[in-house]
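Colleague: I am new to this one. Could you walk me through it, one question at a time?

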Amino acid sequence: MNESTSLAVVTGGASGIGEATARRFAASGYRVVIGDINAVRGESVAAELRRAGSDVTFYEVDLASDATIASFAKDVLAQHGIPDTLVNSAGILQNAVRVLDMNIAGFDRLWEVNVRGTVLMSQALGSQMCAAGRGSIIQLCSLTTFRASAQVGYAVGKAGLKMLTEIMAAEWGPKGVRVNAVAPGYTLTPAMQARIDNGERNPEAVIQKSALRRFVAPSEVADTIFFLCSPQASAITGVTLPIDCGWLVTTAYGSYAAQPEA
């Protein structure tokens, strides 16, 4: 695959993990299309990367809108061709809430954007990738894919994306399209930093419960996504890969009933 002519489409590419991913593909010579609801930030990122010599285009897209997803996919295919890579990074977060206290409209909004929007985007572009007989798709899961969380709507959606990844991998593998997911741990994105600053996240608790005693960097998630889309990962499909500085193993180990004596 010639990276200078390959196309990567990254939704949610205006900030956080999506932005880091767009930058990673651009740095490796890919043509990049960024889709995001934040037009100001998205245009800024794309313009910065173009000034650095990369071929990057931004389109505004709202994953809660069937019409804008269809329009986005139509523009991408008409103006840039069939993607070699689709990274479904766009999504919204949720603070902790009890099931009995949760506003169902908030649950519906999370499902609409994080799950339904991912399905629609995957259908719109994945259909053409399947027809072309090539490509790689990445979904954004989470630690809440594997562990119960008080982020009710978010966690249910991220667990669902793991199953979606496996179903798509089984269906589309014979057509030449690989589908995987990453499950980032506590990643120090601008959104995470804002929650820390607002007192909604305790950074020390995160650090102490991670084997590597630190947050994940957005660039580390982007590097993993890039690997999963590369020829070096050509035998990998249907996998949801945690990138969590060892949070999953540390919390399991620390809560087990039998502990070694100090």
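Modeller: Gladly. Cysteine 245 is found in the loop between β7 (240–243) and α9 (247–255). Keep in mind that this is a predicted model.

Colleague: Is cysteine 245 buried or exposed?

Modeller: Buried means under 20% relative accessible area. Cysteine 245 has a relative accessible area of 9%, so it counts as buried.

Colleague: What is phi of cysteine 245 near?

Modeller: Cysteine 245 is a residue other than glycine.

Colleague: Where is arginine 213 found, and what is its phi?

Modeller: Arginine 213 sits in the loop between α7 (203–208) and α8 (218–229). Arginine 213 is not a glycine, yet its phi is positive. The value is about 60 degrees.

Colleague: Let us turn to the strands. How many residues of strand β1 are buried?

Modeller: Strand β1 covers residues 7–11 and is mostly covered. In a regular strand the side chains alternate between the two faces of the sheet. On one side of β1, Leu7, Val9 and Thr11 are buried; on the other, Ala8 and Val10 are buried. That gives 5 of its 5 residues.

Colleague: Which residue of β2 is the bridge partner of alanine 8?

Modeller: β1 and β2 pair in the parallel sense. In β2, the partner of alanine 8 is valine 32.

Colleague: What separates the C-alpha atoms of valine 10 and alanine 22?

Modeller: Valine 10 lies in strand β1. Valine 10 has 0% relative accessibility, so it counts as buried. Along the chain, valine 10 and alanine 22 are 12 residues apart. Their C-alpha atoms are separated by 6.3 Å.

Colleague: Why is strand β5 described as largely enclosed by the rest of the structure?

Modeller: Look at both faces of β5. Ser136, Ile138 and Leu140 are buried on one side, and Ile137 and Gln139 on the other. Strand β5 is largely enclosed because the buried residues number 5 of 5.

Colleague: In β5, which residue is the bridge partner of valine 87?

Modeller: Strand β4 (residues 85–88) pairs with β5 in the parallel sense. The pairing runs over 4 bridges. The partner of valine 87 is isoleucine 138.

Colleague: Now the rings. How many aromatic pairs are there, and how do phenylalanine 25 and tyrosine 30 pair?

Modeller: The count comes to 5 aromatic pairs. Phenylalanine 25 and tyrosine 30 form one of them, 4.9 Å centre to centre. Both residues are buried. Their planes stand 85 degrees apart and over 60 counts as edge-to-face, so the pair is edge-to-face.

Colleague: How many residues apart in sequence are the parts tied together by tyrosine 59 and phenylalanine 72?

Modeller: Tyrosine 59 and phenylalanine 72 form an edge-to-face pair, 6.0 Å centre to centre with 80 degrees between the planes. Both are buried. Tyrosine 59 lies in strand β3 (residues 56–60) and phenylalanine 72 in helix α3 (residues 66–80), so the pair ties together parts whose separation in sequence is 13 residues.

Colleague: Which residue has its charged end over the ring of phenylalanine 226?

Modeller: Phe226 forms one aromatic cluster with Phe25 and Tyr30. A charged end sits over the ring of phenylalanine 226, 3.9 Å from its centre. That end belongs to arginine 24.

Colleague: Where is isoleucine 225, and how far is its C-alpha atom from that of glycine 117?

Modeller: Isoleucine 225 has its place in helix α8. At 0% relative accessibility, isoleucine 225 counts as buried. Isoleucine 225 and glycine 117 are 108 residues apart along the chain. Their C-alpha atoms are separated by 20 Å.

Note on methods:
Residues numbered from 1 in each chain as written. Predicted model: local features only at pLDDT ≥ 70, side-chain atom pairs only at ≥ 80, totals over all residues. Heavy atoms only, no water. Phe/Tyr/Trp six-rings, centres within 6.5 Å; stacked < 30°, edge-to-face > 60°. Buried < 20%, exposed > 50% of the residue type's maximum accessible area, 1.4 Å probe, protein only. Helix = DSSP H or I, 4+ residues; strand = E, 2+ residues; numbered from the N terminus. Lys NZ or Arg CZ within 6 Å of the ring centre and 35° of its normal. Pairing = 2+ DSSP bridges.
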